[in-house]
Structures are given as structure tokens and as C-alpha cells.
Amino acid sequence: MSRFFSVKYNMLEPYTPGEQPQDMQYVKLNTNESPFPPSPKAIEAAAKAAERLQLYSDPECRTLTEKFCEVFGTGKDEVIFANGSDEVLNFAFMAFCDDAHPAAFPNITYGFYPVFAQLNGVPYREIPLFHDLTINPEDYCGINKTIFLPNPNAPTGIALRRSDIEPILRTNPNNVVIVDEAYVDFGTESCLTMTRKYENLLVAQTFSKSRSMAGARLGYGVGNPELIRDLNTIKYSTNPYNINSMSMAAGIGELSDEEYTRKNCRTIEENREFTVEALRRRGFAIPDSKANFIFVKHVMLDGETIYRKLKERGVLVRHFTRPIIADYNRISIGTREQMQTLIDKLDEILGETA
Ligand code: PMP
């Protein structure tokens, strides 16, 4: 830390992103990316947009918004685009949290929530999961806090039903509830259908996972027009050009290819069930996942050893060092071939230690 660094950030512990190795070719199952390339329509549109990079991007994202509204049936004033859904979440911390509206989220969840809270000087409460790693919706009812609820949760992959979330919205009428649906397209019920019913609901989604565009950094929030206006106040006070022209164009191309996205999601779901079954037979405990990743713990071998031995064999998974989840690894779901390689390498590792 330099002597110039603001005292505001003395205690800030930044988020640690998953490894993005550049040295060797891994079977990369550590950051929940899609194993499939973006839609050809997205690639073509991005290349075309590159020809006009001398111009600023459209701060209103008009063409993308129109296409989005056509596909999702929302109004133009009900959506905001951002530089990844991470930016939607940060905007939400800035816009909807303060001393009178502290944040609340699960104690085992997306590691960026506490970082955003600290960055914005927002008090927060981490609500413990049940011992089986599920979220108890009752813990969030009537708590008068701005709630960040990932659905499905990360890194567990466990999903809540829409009917579990409705009481949370109803009993916290003076706070915004942000449902983070980064992984919703792999089998979870979306809350998008409820944004007109609950003025305090903001749904965050992303093009990073089901839409194969993590590198484009394109996310969005959907909610009541007044919430969206507040988020726009933050956006226009930080970076009006937060979506670059190529990502915007790629997003439009991608939204013209819904069949491609749907097919990829179904393949990931099938590969997930295949992997879960194979790993359970090998002594792994795995909560039921509705995401494009699974959270696994072995009866005998500890999480760090499995992570390290897989990495030595060219397979990268995500290991978290926090003591309460250190026994686990989070494994992204890739192609059938990638998952078979994972299983083969695990067989080697388990054979070695038997
Ligand atoms: N929410 C959750 C739960 C996530 O795991 C991630 C991805 N790391 C995000 C939001 C943000 O994704 P992106 O910024 O790529 O949209």
C-alpha cells in the first residue's frame, strides 16, 4: 500500500478471481465459463462493430435494449445493462445500501458481495446456511435489510423456488431485494416474471455463463422503472460508456440466436447429471446443483489435495481456502469429453491413495 492510498480503503480485502492461466492448456473447470464458443451471430456482430471503434459506444444501449425487450417482453425502462452483472451488483450496493439499509446475504455465497459492501462502506450481515448448505428463506423474512440473494447460490449450486422468494419480497417492503440469477438458465425458476408485482425486486442476470460471453463483460438488471432510474443515476455518475460497442453488438447477435443458447444449456444440464452420478459413485458428496457447476467433497481425500493433484494432471477446478468450505471443490461443467477427463484423473488420484 502506498502512503497515498485513501484511508477509506485501509481494510479493503479485494476479491480473488479464479485463475486464468496463460502458461499451459488446462481442462479449465474453475471459473464457470461456458465450454462452448459464443454464437456465430455474436462473433460476426462484434467484428462488424470493431470497424467503428473510433466512436464512443451508445450510453443508452438503444439497439441492445430494443432487442432485449423483444426477447424478454420487458419495457425499455425496466432494464439496465452493465459491465458484467458484477457492475449491476456494485451499482445496487451503491444505490440501495447505507447505514439505514444495511446489506444481508448468505455467509457462504459469491465472494464479491462482502467486497462490494466494504468498498462502499456499507454495513452487512452474513446469514448462515443450514448445515446441509441450503438457504433458509425464513431467515430473510422481515429483516429490514437490502438483501442479496444468489439463485442458485454459488458455490453450492442449490436453488430456491420462486415461492420461497416471494415471502422475502413481501416482508421487506422498505428494502430492495436483489436476486442474483447469474446461473439461472441451467434449471432454476427465474424471478423475472415477478418484477412488475414487487416494486422492491431487482433481478441481475448475465451473458457470461449460459450465453458464452464472459469475456465481453455484459450483464443486466431488470426491475421497476424507478429502481432502474436509480441505477442509471449511479451509472451516469461513474461511467456512462460502461458497455463497449463490440460487446453491445455481440449481445444483440446472441439474442438473435436463442435456440443456440437453449441447446447449450440443456447439454450442460445433461453433462452435470452425468458427472454428479459418476462422482457420487466414487465417494463424493454433492448437493443437488441447478447451476453450471457442482460443489463436491470426498469422503476420504481433502479438498486441497484433490485440487492440487488435479492441477498437476492438467485439470483446473476452484478450491476456496475459507475453513468452512475448504473440504470442497467447485467444478464447472464442461463438455462431455472434459468431464470424462476429470473422472479419469480422479480415478488415478483415488487409485493412488487407496
Ligand atoms: N453473481 C454470481 C453468483 C457469480 O458467480 C458471478 C460470476 N463470477 C457473477 C454474479 C458475475 O458475473 P459477470 O460479472 O461475469 O456477469
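**Exercise 1. Find which helix gives the largest share of the shell around the ligand, then describe that shell.**

Solution. Helix 3 (residues 85–96) gives the largest share, three residues. Helices here are DSSP runs of H or I with at least four residues, strands are runs of E with at least two, and both are numbered from the N terminus. This is a predicted model: local features need pLDDT of at least 70, side-chain atom pairs count only at pLDDT 80 or more, and totals for chains, interfaces and linings use all residues. Residues are numbered from 1 along each chain as its sequence is written, and side-chain values use heavy atoms, with hydrogens and water left out.

Next, list the shell. The ligand is surrounded by G84, S85, D86, L89, Y110, D180, A182, Y183, T206, S208, K209 and R217.

Then sort by class. The shell has four nonpolar, four polar and four charged residues. Tyr counts as nonpolar and Gly as polar; Asp, Glu, Lys and Arg are charged.

**Exercise 2. Find which polar side-chain atoms lie 2.6 Å from an oxygen atom of the ligand.**

Solution. Start with T206: one of its polar side-chain atoms lies 2.6 Å from a ligand oxygen. S208 also places a polar side-chain atom 2.6 Å from a ligand oxygen. Of the ligand's own 400 Å² of exposed area, taken alone, the protein buries 91%. Areas come from the Shrake-Rupley method with a 1.4 Å probe.

**Exercise 3. State how far helix 8 reaches, and what covers its buried residues.**

Solution. Helix 8 (residues 258–281) has 24 residues. From first C-alpha to last it reaches 35 Å, close to the 34 Å expected at 1.5 Å a residue. The expected span is 1.5 Å times one less than the number of residues.

Now look at burial (under 20% relative accessible area, 1.4 Å probe, protein chains only). Buried residues of helix 8 include Y260, N264, I268 and R272. Their cover, by contact (heavy atoms within 4.5 Å), includes helix 7 (245–255), strand 10 (293–298) and helix 10 (336–353). Just after helix 8, G283 takes a positive phi of about 90°.

**Exercise 4. Decide whether N224 is buried or exposed, and what it touches.**

Solution. Locate N224 in the loop between strand 8 (219–223) and helix 6 (225–238). Its relative accessible area is 19%, so N224 is buried. N224 touches T195, E199 and L201, not counting residues up to four places away in sequence. A polar atom of its side chain lies 2.8 Å from the backbone nitrogen of E226.

Key:
A residue is near a molecule or strand if one of its heavy atoms lies within 4 Å of it. A polar contact is a pair of N or O atoms within 3.5 Å; within protein, one must be able to donate a hydrogen and the other to accept it, and residues adjacent in sequence count only if both atoms are side-chain atoms. Buried means under 20% relative accessible area, exposed over 50%, partly exposed in between (1.4 Å probe, protein chains only).
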